[in-house]
Amino acid sequence: MTSHLETVRKNIQTATINAGREEEDITLVAVSKTKPSDEIIPILAQGQRVFGENKVQEAAGKWPELRTRYDQVKLHLIGPLQSNKVRLAVQLFDVIETVDRPKLARAIARISREENKSCACYIQVNVGREDQKAGIDPDEVDDFIKLCREELDLLVEGLMCIPPADRDPTPYFTLLKDIAVRNGLDKLSMGMSGDYQCAIQCGATSVRVGTAIFGERS
Ligand SMILES: *Cc1c(COP(=O)(O)O)cnc(C)c1O
């Protein structure tokens, strides 16, 4: 029987070929938020090594133990980060995808120095300018990227977005790509279970897929 993970991998492969891109340019981030370790282990056993979690505390409860059993695991933080959780986040995660405000960026920079561990950072952009969504406003993003790189010396690798629900994501993905190009950034984290093929068409270099791999979250 084909696993959900294999189906997602196949779909990524097809979308990548259709977009005229190379398979190694796309990273699948398996979003394991809310899922217990016994549901994550079968995914690790199928060779998946990059995972996304949206809560620092929850990740701290699962991943140190899983990492003792599987090596080469890379963890991405994909949920909002409060300043008081930055130290634990820096210790735990390889990539923080949700850097979206100066106060948080400053805390990550300071604590990374103290911990002598640098995380790769993605800047989260509120591409739909939605009040309830995290992310920096598209009008402020260029200055913010500059601050993160030049003043704070953060390892800014790319951009991340969550486009508005129930709308064609294409213009939002395209906006994120445009911001990346004009700022000389290579990495684009965009696309979830419902739209990862579209995101790959629009230039995603990583897609964050939860439900399509693990099933519905309760
Ligand atoms: C939960 C989540 C995902 C995965 O969503 P699915 O629709 O389950 O694939 C991706 N990105 C972020 C930021 C999330 O919070």
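## An exposed helix residue: glutamate 151

At 52% relative accessibility, glutamate 151 is exposed, because the cut-off for that class is over 50%. The model is a predicted one. Glutamate 151 belongs to helix α6, which covers residues 141–151.

Beyond residues up to four places away in sequence, glutamate 151 touches Arg106 and Lys146. With arginine 106 there is a polar contact, side chain to side chain, at 3.1 Å. Alanine 109 is 42 residues from glutamate 151 in sequence. In space, the C-alpha atoms of glutamate 151 and alanine 109 are 9.8 Å apart.

## A buried strand residue: isoleucine 123

Isoleucine 123 is part of strand β5, residues 120–125. Its relative accessibility is 0%, so isoleucine 123 counts as buried.

Which residues does isoleucine 123 contact, leaving aside neighbours within four places in sequence? They are Glu97, Val99, Ile136, Val141, Phe144, Ile145, Cys148, Val156, Gly158, Leu159 and Met160. Lysine 85 is 38 residues away from isoleucine 123 in sequence. The C-alpha to C-alpha separation of isoleucine 123 and lysine 85 is 18 Å.

Serine 189 lies in strand β7, which runs over residues 187–189. Is serine 189 buried or exposed? Serine 189 is buried, because its relative accessible area is 0% and the limit for buried is under 20%.

Not counting residues up to four places away in sequence, serine 189 touches Glu97, Tyr122, Leu159, Met160, Cys161, Leu176, Ser206 and Arg208. Glu97, Leu159 and Met160 are also among the contacts of isoleucine 123.

## The ligand site

A polar side-chain atom of lysine 33 is 2.7 Å from a ligand oxygen. Glycine 210 places a polar backbone atom 2.8 Å from an oxygen atom of the ligand. For arginine 217, an N or O atom of the side chain lies 2.8 Å from a ligand oxygen. On its own, the ligand has 390 Å² of accessible area, and the protein covers 89% of that area.

Notes:
Residues numbered from 1 in each chain as written. Predicted model: local features only at pLDDT ≥ 70, side-chain atom pairs only at ≥ 80, totals over all residues. Heavy atoms only, no water. Helix = DSSP H or I, 4+ residues; strand = E, 2+ residues; numbered from the N terminus. Buried < 20%, exposed > 50% of the residue type's maximum accessible area, 1.4 Å probe, protein only. Contact = heavy atoms within 4.5 Å. Polar contact = N/O pair within 3.5 Å; in protein donor to acceptor, adjacent residues only side chain to side chain. Areas by Shrake-Rupley, 256 points an atom, 1.4 Å probe, with all protein chains shown as cover.
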